Amino acid sequence: MINWMKKHPFVMCLLFQCILLILYLLSGTMKYEVSDDFMMQLMVSGAYGTGASDMMFTSPLLAMTLSWLYQTLPFVNWYFYFQASMIMLSLSVISYVFIKEKRHPLLQSLLWALLLFVAKD
């Protein structure tokens with residue numbers, strides 16, 4: 001098992017982030033930190049009409065894709081799951097780069113502690 005983790009460090013980082021995401025989803029404390037996320041979710045879900053491509057801070061192509069997903073399966077919170085998966089992927093890449101550099105074990109431990117702290121956001 002340890003040999004496999006050494007051969008595939010990115011997969012290990014991704015699995016670690018998936019475990020954190022699952023624990024987060026099971027905790028029932030999912031919420032947006034600021035109100036603009038909620039407003040953008042409403043915009044892309046069609047609550048304000050069909051102006052999904054006018055979302056702030058977001059590519060029009062992404063906004064149209066999310067809008068289409070909301071039209072296809074409106075009971076799924078696509079905006080939240082997209083945002084959570086992008087955060088998970090970003091933290092996995094940061095972990096992978098840090099591990100690949102073969103830093104001091106103390107620094108790696110601090111990285112994992114930081115990821116545990118930041119991953120909930």
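L111 is buried, because its relative accessible area is 7%, and buried means under 20%. I start with this residue and work outwards. Please keep in mind that this is a predicted model.

Where is L111 found? It sits in helix α6, which covers residues 105-118. What does L111 touch, once its neighbours within four places in sequence are left aside? L111 is in contact with I94, S95 and F98. There is also a distance to look at on the screen: L111 and I99 are 12 residues apart in sequence, and their C-alpha atoms are 9.3 Å apart in space.

Now the overall layout. The protein has 6 helices and 0 strands. Read from the N terminus on, the order of elements is α-α-α-α-α-α. Of the 121 residues in the protein, 24% are buried. The protein exposes about 8,400 Å², and carbon and sulfur atoms supply 71% of that area. As for contacts between residues at least 6 apart in sequence, 53% of them join residues at least 24 apart.

Next, helix α5, residues 78-100. How far apart should the ends of α5 be? With 23 residues, at 1.5 Å a residue, α5 should span 33 Å, and its end C-alpha atoms are 32 Å apart, so the two values agree. The buried residues in α5 are Y79, F80, A84, M88, L91, S92, S95 and I99. An α-helix has 3.6 residues a turn, so residues three or four places apart point the same way.

M86 is also found in α5.

From the surface I go to the core. The largest nonpolar core has 11 residues in all: Y24, Y32, M40, V44, M55, A63, L66, Y70, Y79, F80 and A84. Which helices each supply at least two residues of this core? They are α3 (35-45), α4 (60-72) and α5.

One is M40, whose place is in helix α3. M40 has a relative accessible area of 4%, so it counts as buried. Leaving aside neighbours within four places in sequence, M40 is in contact with M55, M56, F57, T58 and Y79.

The other is A63, which lies in helix α4. A63 counts as buried, because its relative accessibility is 0%. How far apart are M40 and A63? They are 23 residues apart in sequence and 9.4 Å apart in space, C-alpha to C-alpha. A63 and S45 are 18 residues apart in sequence, and their C-alpha atoms are 9.4 Å apart in space.

How values were computed
Residues are numbered from 1 along each chain as its sequence is written. This is a predicted model: local features need pLDDT of at least 70, side-chain atom pairs count only at pLDDT 80 or more; totals for chains, interfaces and linings use all residues. Side-chain values use heavy atoms; hydrogens and water are left out. Helices (H or I, at least four residues) and strands (E, at least two) are DSSP runs, numbered from the N terminus. A nonpolar core is a set of buried Ala, Val, Leu, Ile, Met, Phe, Trp, Tyr and Cys residues joined through side-chain atoms within 4.5 Å. Buried means under 20% relative accessible area, exposed over 50%, partly exposed in between (1.4 Å probe, protein chains only). The expected span of a helix is 1.5 Å times one less than its number of residues. Contact means heavy atoms within 4.5 Å. Accessible areas come from the Shrake-Rupley method with a 1.4 Å probe; for residues, only the protein chains shown count as cover.
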